[in-house]
Amino acid sequence: MIAVLAGCNAGSKENKADAFDKYQLAGALSIAQGAYRDAVESYEKALAINPAPDDGAFVYRGLASSYYHLEKYDEALTYFKKAMDVNPGYAPNHGLSGIIYYKQGKYDKCMEALETYIALDPEDIDSYQMLSNACYMTDNYAKAICYIQEYLQKKPDNADMYLLLGMCHVANDGSVYDVTNTFAKAAESGSGQASEYLRMIAEAAAR
């Protein structure tokens, strides 16, 4: 009798493991197809079977990504945090968390998340753009200037970044040369707003 019961328990555990794997795979396939509501349903069924899986980072990340695409940002952040608790070194979790915080206007948290992200993945230079904007929005102008300059070393033709750099120089009491030179580069790269700022500066200097 004991042997029979043991066999039943083993079979039950095996069936649960199979079911968990099935729902986890279904979730991943749904994400690949852009069916994010279906992905959420599948991943939640997987977690109902096993609330603390060994590969929980994968499940949590799948749920977080699905909720992100559904624009349910609080739910996405909840699962990104769970995924980071399991695997703190996986850079994209920090990067997407930073994007969500920026969309929510939580710029301090955005900076924290994106600074962690670029420490893990310094080659993703595009992330410096949002990070620079977050620094500007929180009055961290000197830090923003540093990130913008790093960005422009690799992508020197971005008018928006030159414009932001000029605005940071203005807010940070930069020299007239730094301000006008930066706005001039923004205007050369196609920024009409920078051209307008240069006109205003010239008019002010002529008075």
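**Labels and their grounds**

Modeller: Helices α9 and α10 are roughly antiparallel to each other, because they pack at an angle of about 165 degrees and angles over 145 count as roughly antiparallel. Bear in mind that this is a predicted model.

Biologist: How far apart are the axes of α9 and α10, and what is the hand of the crossing?

Modeller: The axes are 8 Å apart, and α9 passes α10 in a left-handed crossing. On the α9 side the contact is made by A159, Y162, L163, L165, G166, M167, H169 and V170. From α10 come D178, V179, T182, F183, K185 and A186.

Biologist: Which classes of residue make up the contact of α9 with α10?

Modeller: Nine residues are nonpolar, three are polar and two are charged.

Biologist: What makes α8 roughly antiparallel to α9?

Modeller: Helix α8 (residues 141-154) and helix α9 (residues 159-171) pack at an angle of about 155 degrees. The cut-off is over 145 degrees, so α8 is roughly antiparallel to α9. Their axes are 9 Å apart, and this crossing is left-handed. The contact involves Y141, A144, I145, I148, Y151 and L152 of α8. On α9 the residues are M161, Y162, L164, L165, C168, H169 and A171. The residues of this contact divide into twelve nonpolar, one polar and no charged.

Biologist: Why is α3 called largely enclosed by the rest of the structure?

Modeller: Because eleven of its 14 residues are buried, where buried means under 20% relative accessible area. The buried residues of α3 are G56, A57, V59, Y60, G62, L63, A64, S65, S66, Y67 and Y68.

Biologist: How do you know that the span of α3 agrees with its number of residues?

Modeller: At 1.5 Å a residue, the 14 residues of α3 (residues 56-69) should span 20 Å. The end C-alpha atoms are 20 Å apart, so the two values agree.

Biologist: Which residue just after α3 takes a positive phi?

Modeller: That is E71, with a phi of about 60 degrees.

Biologist: Why is S30 called buried?

Modeller: The relative accessible area of S30 is 10%. The cut-off for buried is under 20%, so S30 is buried. S30 lies in helix α1 (residues 2-32).

Biologist: Which residues is S30 in contact with, leaving aside its neighbours within four places in sequence?

Modeller: S30 is in contact with A35, D38 and A39.

Notes:
Residues numbered from 1 in each chain as written. Predicted model: local features only at pLDDT ≥ 70, side-chain atom pairs only at ≥ 80, totals over all residues. Heavy atoms only, no water. Helix = DSSP H or I, 4+ residues; strand = E, 2+ residues; numbered from the N terminus. Expected span 1.5 Å × (residues − 1). Buried < 20%, exposed > 50% of the residue type's maximum accessible area, 1.4 Å probe, protein only. Axes fitted to C-alpha atoms, helices over the stretch in contact; angles between N-to-C directions. Parallel < 35°, antiparallel > 145°, perpendicular 65-115°, else oblique. Left-handed = near helix turned anticlockwise from the far one by under 90°. Contact = heavy atoms within 4.5 Å. Nonpolar A, V, L, I, M, F, W, Y, C, P; charged D, E, K, R; others polar.
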